[in-house]
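Student: I've got a chain open here and would like to go through it with you. Could you take my questions as they come?

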Amino acid sequence: MDTENTSAPPRAQSAPADNPTRTRRHGGGITHDNTRHTTRFVVIGNHLVQHKELSLLAIGLSCHLQSLPTGAGADIKSLAARFPEGPTRIAAALRELEAHGYLRRERHRTQTGRIVTRTVSCNQPHASRREPVDTGCPPAKRTPPPQRRTVQKALPAVPQPSSTAPALLQTAIDLLATLRRHDPRLLLSATETAHLVPGVAAWLERDVAPGAVRHALTIGLPDEPLRRPAALLAHRLTDRLPPPPPFRTQSAAAPPPRHPLQNCEGCDRGFRAPESESHCRDCRAAVASLP
């Protein structure tokens with residue numbers, strides 16, 4: 001009778017459902033050509049190399065840290081000099097490892113009184129999790145990730161009026177404040193309004209009615225969202241500025257004088273004339289016709 005081989009599995013093993021990296025297709029997936037290490041190797045747990053939340057950079061960096069001898073440089077500057085990823089990406093990967101327990105950073109005071117930061121690499125986060133050693137140093141401050149600053153471009157310049165009369169500027173302010181009633185996208189801040197007021201005033205002093213200015217600023221706006229409505233209005237105020245009104249002489253513009261009403265001393269009839277005249281036109285003509 002043949003002897004049963006107890007080391008052989010009774011049937012083919014299917015891929016575990018919780019491991020998406022293993023294929024169920026016959027003959028597909030990865031295979032391994034392994035040779036047993038006898039020198040220069042480090043044991044890495046599958047809980048690290050198959051971690052579901054760590055990034056690939058963080059996993060690789062943790063493997064590198066676990067392979068370093070005690071005392072080797074493990075700060076951001078040393079790692080950035082060793083790898084091409086750069087300080088920003090390496091710092092982010094170190095924060096990942098620290099958040100999941102694969103890394104601790106502790107501050108220690110040396111015999112000379114200098115404070116140094118010691119990086120502790122943990123190959124078993126849950127087993128080696130413990131409180132930092134009390135060294136009499138203040139706790140290390142975690143450096144927050146750098147915030148990306150958005151640089152806002154300056155608004156385009158607008159025309160400047162020749163007059164800064166308060167009534168003119170107030171009309172311009174009121175006009176800009178009502179633009180949002182015509183298009184909610186034209187809601188302006190106080191700073192943006194103050195920048196645009198001179199441009200609107202320059203239109204108003206050129207005999208352009210407020211309604212016409214409002215129409216020029218709101219007509220034909222694009223359908224897509226306006227990223228910088230104040231910049232669009234500043235461009236229109238400059239690009240569509242009408243020419244100055246035609247020059248008017250003072251004589252042509254001034255209305256004829258209106259004389260006061262008085263009674264004629266000859267016929268007592270009311271008439272208008274300069275105060276130097278005491279008789280109406282008919283009485284003056286009658287006196288002039290006498291011999």
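Student: Which residues have the most contacts inside the largest nonpolar core?

Tutor: Those are Leu-196, Val-200 and Val-213, in a core that has 24 residues. At least two residues of this core come from each of helix H6 (166-177), helix H8 (190-204), helix H9 (210-218) and helix H10 (229-239), and H8 gives the largest share, with six residues.

Student: What does Leu-196 touch, leaving out residues up to four places away in sequence?

Tutor: With those residues left out, Leu-196 touches Val-158, Leu-176, Leu-188, Ala-230, Leu-233, Ala-234 and Leu-237. Apart from this core, there is a second, separate one of 14 residues, and Ala-58, Ala-93, Leu-94 and Leu-103 are among them.

Student: Where is Ser-62 placed, and is Ser-62 buried or exposed?

Tutor: Ser-62 lies in helix H2, which covers residues 56-67, and it counts as buried because its relative accessible area is 1%, under the 20% cut-off. Not counting residues up to four places away in sequence, Ser-62 touches Leu-48, Leu-97 and Tyr-102.

Student: Then Thr-164: where is that one, and why does it count as exposed?

Tutor: Thr-164 is in the loop between helix H5 (125-128) and H6, and it counts as exposed because its relative accessibility is 59%, where the cut-off is over 50%. Thr-164 is also 8.2 Å from Ala-201, C-alpha to C-alpha, although 37 residues separate the two in sequence.

Student: Switching to cysteines, how many disulfides does the structure hold?

Tutor: The structure holds zero disulfides. Cys-267 is in none, and the nearest cysteine sulfur to it, that of Cys-280, is 3.7 Å away. For Cys-283, also in no disulfide, the nearest cysteine sulfur is again that of Cys-280, 3.6 Å away.

Student: Are Cys-267 and Cys-283 buried or exposed?

Tutor: Cys-267 counts as partly exposed because its relative accessibility is 38%, whereas Cys-283 is buried, with a relative accessible area of 16%.

Student: What about rings: how many aromatic pairs are there, and which ring does the charged end of Arg-82 sit over?

Tutor: The count of aromatic pairs comes to zero, while the charged end of Arg-82 sits over the ring of Phe-83, at 4.5 Å from the centre of that ring.

Student: Last topic, confidence: what pLDDT does the chain average?

Tutor: The chain averages a pLDDT of 81, and 79% of the residues score at least 70. Over residues 8-15, however, the pLDDT is below 50, and this stretch has four contacts in the model beyond near neighbours in sequence.

Student: How many contacts does the model have for residues 131-137, beyond four places in sequence?

Tutor: It has nine for residues 131-137, where the pLDDT likewise stays under 50. Where pLDDT is low, predicted coordinates should not be read in detail.

Conventions. Residues are numbered from 1 along each chain as its sequence is written. This is a predicted model: local features need pLDDT of at least 70, side-chain atom pairs count only at pLDDT 80 or more; totals for chains, interfaces and linings use all residues. Side-chain values use heavy atoms; hydrogens and water are left out. A nonpolar core is a set of buried Ala, Val, Leu, Ile, Met, Phe, Trp, Tyr and Cys residues joined through side-chain atoms within 4.5 Å. Buried means under 20% relative accessible area, exposed over 50%, partly exposed in between (1.4 Å probe, protein chains only). Helices (H or I, at least four residues) and strands (E, at least two) are DSSP runs, numbered from the N terminus. Contact means heavy atoms within 4.5 Å. pLDDT is the predictor's confidence in each residue, from 0 to 100. Rings of Phe, Tyr and Trp (its six-membered ring) pair if their centres lie within 6.5 Å; planes under 30 degrees apart count as stacked, over 60 as edge-to-face and the rest as tilted. A charge sits over a ring if NZ of Lys or CZ of Arg is within 6 Å of the ring centre and within 35 degrees of the ring normal. A disulfide is a pair of cysteine sulfur atoms within 2.5 Å.
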